[in-house]
Amino acid sequence: MEFFQQFAPPHPSPAIYASMVAIVLTTVAIFGGLTYFKKWGYLWREWLTTVDHKRIGIMYLIAALLMLFRGFVDALMMRAQLAMPDNQLLDAQHYNEIFTTHGVVMILFMAMPFIIAIMNYIVPLQIGARDVAFPRLNALSFWLFFSGAMLFNISFVIGGSPDAGWTSYFPLASNEFSQHVGTNYYMFSLQIAGLGTLISGINFATTILKMRAPGMTLMKMPMFTWSSFITNIIIVFAFPVLTVALAMGSMDRIFGTNFFTTADGGMDMLWANLFWIWGHPEVYILILPAFGLYSEIISTFARRNLYGYKSMVASMVVICLLSFVVWAHHFYTMGQGAFANSIFSITTMAIAVPTGVKIFNWLFTLWKGKITITVPMLYSMLFIPIFTIGGVTGVMLGMSAADYQYHNTMFLVAHFHLVIIPGVMFALLAGLTFYWPKMFGFMLNERIGKWAAWLLAIGTCVAFFPMFISGLDGQARRMYTYSEATGFGIWNMISFVGALAIGVAFLLIAYNIYYSTRYASRDISADPWDARTLEWSTHTPVPVYNFAVVPQVNSDQAFWDAKKHGHVLFKDGYKDIHMPNNSGLPIIMAGIFFVWGFSFVFSLWLPAIVTTIAIFACMAYQSFEKDDGYHIHVDTIEKTERKLGGHKQ
Amino acid sequence: MKIDQSLPLEYSTEENRIKILGFWIFLGAEITLFATLFASYFTLVNRTGSGPTGAEIFELTPVLIETLLLLTSSFTIGLAIHAMRLGRQKAMLTFFGLTLLLGLGFLSLEIYEFFHYVHVGASIQTSAFTSMLLTTLGTHGAHVAFGLFWGLCIMLQVRRDGFTPHTANKSFIFSLYWHFLDVVWIFIFSFIYLKGMM
């Protein structure tokens with residue numbers, strides 16, 4: 001009995017017990033349903049073992065939407081707690097846990113997989129490839145991310161959630177101040193998911209460098225592919241820093257080392273530095289693919305080539321380099337002195353230059369364009385003004401002297417939400433709507449979509465603008481309550497109303513998916529938006545081999561030029577296509593990693609050793625396995641192509 | 001599978017070329033990993049708390065032997081790849097096995113070294129400096145240990161299948177990994193041991 005006591009949540013509340021029941025019931029319902037409808041075999045063969053980049057993309061998407069729900073519930077609880085002075089809805093500990101999980105879930109388990117979802121689905125299609133460079137590693141990436149996410153999400157019912165903020169600063173995150181296992185969950189789930197992301201980064205960088213269609217030189221790549229390429233390069237060079245930091249943090253907590261302690265020479269600021277050396281590039285890992293999506297959408301719906309292609313690429317390269325040299329601006333007030341602060345202040349403000357170049361390029365693309373306002377375009381149009389407000393306040397925060405006023409106040413919270421929500425969230429929703437017909441074969445309803453977009457934009461402004469004021473007035477972030485005399489009440493109440501509006505917008509988006517699934521026409525062309533790049537040149541639904549014939553490219557708008565200027569994309573006849581086999585190994589390995597992480601969280605040494613050995617056994621099995629894939633023969637390709645509406649072009 | 005006969009076996013198919021590039025990118029990530037460890041080491045090197053400093057615990061003899069073993073093993077893995085390009089399987093396996101033996105020797109000495117550190121009161125918990133020292137050395141050592149395990153798998157496959165584009169590719173990639181570990185060790189030797197003993 002004593003053994004099981006360590007798994008009990010340390011600060012139980014009725015809400016946590018209700019969640020436990022809900023989790024058990026949902027799990028039973030899912031397993032029962034799969035058994036009753038005899039879908040286990042289908043699920044295993046078609047999805048769980050798949051190495052197809054399109055299906056992996058859709059699984060990333062589903063996981064991201066689930067995590068969006070989780071992260072948003074945390075956000076609503078925070079706003080509800082702060083809506084009134086001296087509110088008793090949550091206690092301090094519970095509030096600490098919720099803002100921690102909100103941050104981690106939204107950044108690492110919602111935004112990251114959402115971006116990787118679209119990257120997975122679109123990048124190989126956009127460069128005319130049949131899959132990514134390492135399909136099986138791609139599946140492993142997904143399952144590692146998923147098992148990390150699940151490990152993080154069970155924390156609040158088994159053993160307790162992390163409560164030291166998403167930055168997990170030491171010494172707050174040490175055993176002394178964060179006593180239950182929550183922060184161990186943080187360390188190990190991020191480690192596992194981060195491993196998956198690193199593998200993705202290597203995979204996509206290789207894919208984009210090596211697998212482009214003939215004729216597609218680097219400077220003829222579509223902008224989303226360019227942004228994905230830069231992003232994956234950042235991933236390759238930023239995530240190992242997180243790996244090291246997390247390993248050191250775990251060792252401090254579990255093995256009693258002295259990296260970040262306050263005794264025996266330990267240095268807590270080392271964590272802050274390492275965390276942000278990864279953490280700041282991470283911001284650009286999120287925003288650059290979003291910029292890529294906006295570029296595709298704006299040029300599609302303005303019916304013009306993207307203005308300033310070369311300067312777009314150059315600005316992303318500059319952002320990539322600068323993103324590694326600004327990390328200390330996250331802690332100007334933590335004592336590194338005026339000289340260091342000045343340097344980081346200048347590098348920080350310098351980032352506004354390439355970002356501004358991009359904003360103006362989008363505006364010039366719109367200039368004299370034949371603009372149609374569809375849902376993706378509406379998101380892009382709403383993005384530009386709101387993001388600019390968020391960005392400009394970022395420059396304010398970047399000035400180190402002035403930052404002593406803003407640091408750790410709600411002003412900062414307003415700033416980064418007003419860049420991340422329009423920058424990343426809007427882009428993802430725009431991208432989702434834009435690519436929905438390619439993924440699922442029908443369009444999302446435009447009317448409901450526009451309502452949702454407007455409501456989301458207005459809700460974002462209403463929720464976060466008041467924080468500029470209360471922040472300048474001195475409301476600290478992460479404060480779980482305040483007295484009436486502070487006068488923060490009214491601003492927080494307005495924020496709460498805005499959060500509710502965002503909630504309604506999300507409900508509308510969910511309803512839109514339901515409504516469109518039921519009623520939308522399935523009779524759409526493979527290119528419903530009249531778009532410009534290669535992903536629209538293949539059939540909908542996309543056949544497993546993507547392109548029956550490898551396309552020949554000679555411009556950065558290959559498909560548009562094929563439609564308007566008679567350029568021929570598909571010249572050759574059919575040939576046998578070599579495809580990789582499915583494999584159960586990735587999901588099994590990720591399952592073992594889950595148990596591995598769980599064992600370390602609770603210092604259960606026997607299972608920790610057994611799973612470590614099992615992981616190596618899996619790698620050895622993979623190494624010795626002989627698997628040369630299979631071939632799709634010409635007659636099968638012909639049959640499929642005929643069924644899907646004939647040879648394209 | 002299209003095999004280009006004008007290229008060495010490990011580069012002969014498109015799949016192989018993709019794998020080699022992917023591994024170079026992975027090595028880029030590994031460089032960042034070790035760079036982070038070194039940066040942290042330089043930050044913490046003088047923060048010895050109540051524990052010993054590097055000069056007090058480092059022993060030159062085992063470290064010199066370790067260096068000698070690892071540098072030699074980088075030479076022998078080069079010979080193994082050379083033998084592979086000449087198509088001489090027996091010579092290749094001999095040099096490959098010699099490489100792993102030298103690696104094993106290196107690892108044994110490093111394990112001895114760790115026992116020595118704990119014995120003289122510099123365990124992983126003693127101070128920020130010892131935590132960082134043993135973690136940096138340990139990460140490199142874990143890479144060598146993984147290399148032994150991985151290399152053994154590859155040797156068995158070369159014996160099973162002979163030289164094919166697959167096995168040649170794996171052996172070549174392993175040699176890249178092994179040379180990389182050697183480069184990291186040169187940094188460890190210069191900046192941790194020599195600088196620490198000066």
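Modeller: A residue is called buried under 20% relative accessible area, exposed over 50%, and partly exposed in between, with a 1.4 Å probe and protein chains only. By that reading B:Glu14, at a relative accessible area of 37%, is partly exposed. This is a predicted model, in which local features need pLDDT of at least 70 and side-chain atom pairs count only at pLDDT 80 or more, while totals for chains, interfaces and linings use all residues. Residues are numbered from 1 along each chain as its sequence is written, chains are lettered from A in the order in which they are written, and side-chain values use heavy atoms, leaving out hydrogens and water.

Colleague: With which residue does B:Glu14 form a salt bridge?

Modeller: A salt bridge is a side-chain nitrogen of Lys or Arg within 4 Å of a carboxyl oxygen of Asp or Glu. B:Glu14 pairs in this way with B:Arg17, their closest N and O atoms being 2.9 Å apart, and B:Arg17 is partly exposed at 23%.

Colleague: Where do B:Glu14 and B:Arg17 lie in helix α1 of chain B?

Modeller: Helices are DSSP runs of H or I with at least four residues, numbered from the N terminus. The two residues stand three apart in α1 (residues 14–44) of chain B, so about one helical turn separates them.

Colleague: Which parts of chain A does the pair A:Lys563 and A:Asp530 tie together?

Modeller: Their side chains meet in a salt bridge at 2.7 Å, N to O. A:Lys563 belongs to helix α18 (residues 558–564) and A:Asp530 to the loop between α17 (489–519) and α18, so the bridge ties parts that are 33 residues apart in sequence.
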